[in-house]
Amino acid sequence: MYSEDDINSAVAAGAISAEAASGFRAHMSKVRELPRGSEENFRLINSFNDIFVTIGVVILLVAVGAIGQAIAGFLAPVEDYSEFFSRLPQPTDAQMEAWSASREFAEVLTSSLAGLLVAVTAWPLTEFFTRKRRMALPSIILLLAFVGGVFFAVFGAGMALAIDGSETVGALMVSFAALVAAGAAYVHWRRFMVPITVAAGAAGIAATVIGLIVAAIGPEVLDDNFDIVFGLVFVAGLAVWVFAMRWDISDRERITRRSDVAFWLHLLAAPMIAHPIFALLGVTEGDNLGIGAAFGVVAVYIAFGLVALAIDRRALLVSALIYVLFALTFLFREFGAVELNFALTALVIGSALLSLSAFWQPIRRVVVGAMPVGIQDRLPATEDTVPAASAIEPSVA
């Protein structure tokens, strides 16, 4: 399978002409009866070799993390629960505090060393499998391992230095670790240009800002008012969505790496927007969901659908799917269809999604056509266009 970036790379290398690339795009759009941009192409695997390499990468990284844990256990040995109480059947408060502190120190040291070794191992593997071999799935796994490893390494080291710190200190440490992880994602992007890296960096920035606000408010205050956290996540999700739209608007035809970057940003923003809304509606509280809230969930999902159609991205619909399934199941049960509530829910949602997929373009033309011309000109075209292939650096995922 060849991606848009592969075609652009072939044009840049002179293997095919720009006219041939444009003709190929036009032919494939005609064969599939779907504008090229609406397919939301992103490359996960090139071949089964990607899966084979990914299995090896995951096994190696798990082994390296386990070695880090073993080293931490050697540097900071701590008795387990049974050994401690067999040695001290009735420990004093001071002994209990000392044991708890040593155990917490060992845990954060384990996190730090394991994260550090994973990050250090992931970078040279990325040099080969991403920069040289241009393998998609291993590149994604290695990026997540590198950024995640940096986060846990910094967070663990910070907590080890402030083991007796308050919850506010913990929130500050999360913010600092997230900021460093975002910086690591930026360095990774400058070196390897893997599209998901921008989303990883955006997640780090969002976590940094939320952590700083939580530290300023006071984590103990939020224990009794968790809606504030939902609000912060929702605002951060909107910010990421706006950032994603900036990448999308810069490539309306979706033939460059910018579209791939936007895809991952939308995938990040969608749950950050959807989950707080549905949590505030009470969906996450299980049987406490009321009929009004259930209808509210359906209304919000329809709104998400209109936004998805307008911007030609399906991430919001996928992220909110579990909530609308739950809400419809509740409604069918309330209206007497107890035995068939799940089957009816699956039938309605499955039919709706398939119908929407089959008639995506006609429906989208209606939705976009109802918008002001200025907004229409900034959204992906409702009819396929075939611009000349541009010499864009190829991405790997």
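Colleague: Which residues line the largest cavity?
Modeller: This is a predicted model, in which local features need pLDDT of at least 70 and side-chain atom pairs count only at pLDDT 80 or more, while totals for chains, interfaces and linings use all residues. Residues are numbered from 1 along each chain as its sequence is written, and side-chain values use heavy atoms, with hydrogens and water left out. A cavity is a set of points, on a 1 Å grid over the protein atoms alone, where a 1.4 Å probe fits but cannot get out, and lining residues have an atom within 4 Å of a point. The residues that line the largest cavity are Trp241, His266, Ala269, Ala270, Ile311, Arg313, Ala315 and Leu316.

Colleague: How much space lies in the largest cavity?
Modeller: A volume is the space filled by probe spheres set on the grid points, which are joined across faces, edges and corners. With 30 Å³ or more as the rule, the count comes to one cavity. The space in the largest cavity is about 40 Å³.

Colleague: Which element gives the most to the lining of the largest cavity?
Modeller: Helices (H or I, at least four residues) and strands (E, at least two) are DSSP runs numbered from the N terminus, and the protein has 17 helices and zero strands. At least two residues of the lining of the largest cavity come from each of H11 and H13. With three residues, the element that gives the most to this lining is H11.

Colleague: Why does histidine 266 count as buried?
Modeller: Histidine 266 is found in helix H11, and apart from neighbours within four places in sequence, this histidine is in contact (heavy atoms within 4.5 Å) with Trp241, Ala244, Met245, Asp248, Ile311, Arg313 and Ala315. Buried means under 20% relative accessible area, exposed over 50%, and partly exposed in between, with a 1.4 Å probe and protein chains only. Histidine 266 therefore counts as buried, since its relative accessibility is 4%.

Colleague: Which residues of H10 are buried?
Modeller: Helix H10 covers residues 227-249, and its 23 residues reach 33 Å from first C-alpha to last, close to the 33 Å expected at 1.5 Å a residue, where the expected span is 1.5 Å times one less than the number of residues. The cover over the buried residues of H10 includes helix H7 (167-192), helix H8 (196-217), helix H9 (219-222), H11 and H12. Those buried residues are Val229, Phe230, Leu232, Ala236, Gly237, Val240, Ala244, Met245, Trp247 and Asp248.

Colleague: Which helices do the buried residues of H14 pack against?
Modeller: Helix H14 runs over residues 321-334, and its 14 residues should span 20 Å at 1.5 Å a residue, which agrees with end C-alpha atoms that are 20 Å apart. Within H14, the buried residues are Tyr323, Val324, Ala327, Leu328, Thr329, Phe330 and Leu331. They pack against helix H11 (257-280), helix H12 (291-311), helix H13 (315-319) and helix H15 (341-358).

Colleague: Is aspartate 312 buried or exposed?
Modeller: Aspartate 312 has its place in the loop between H12 and H13, and its phi is positive, about 60°, although it is not a glycine. At 1% relative accessibility, aspartate 312 counts as buried.

Colleague: What is the relative accessibility of arginine 134?
Modeller: Arginine 134 is found in the loop between helix H5 (93-132) and helix H6 (136-161), and its phi is near 55°, a positive value in a residue other than glycine. Arginine 134 counts as partly exposed because its relative accessibility is 30%.

Colleague: What distance separates the C-alpha atoms of threonine 208 and valine 180?
Modeller: Threonine 208 lies in helix H8 and is buried, with a relative accessible area of 8%. Not counting residues up to four places away in sequence, threonine 208 touches Ser175, Ala178 and Leu179. Threonine 208 and valine 180 are 28 residues apart along the chain, and their C-alpha atoms are separated by 9.3 Å.

How values were computed
1 Å grid on protein atoms, 1.4 Å probe; cavity = no way out; pocket = protein on both sides within 12 Å on 5 of 7 lines; lining within 4 Å.
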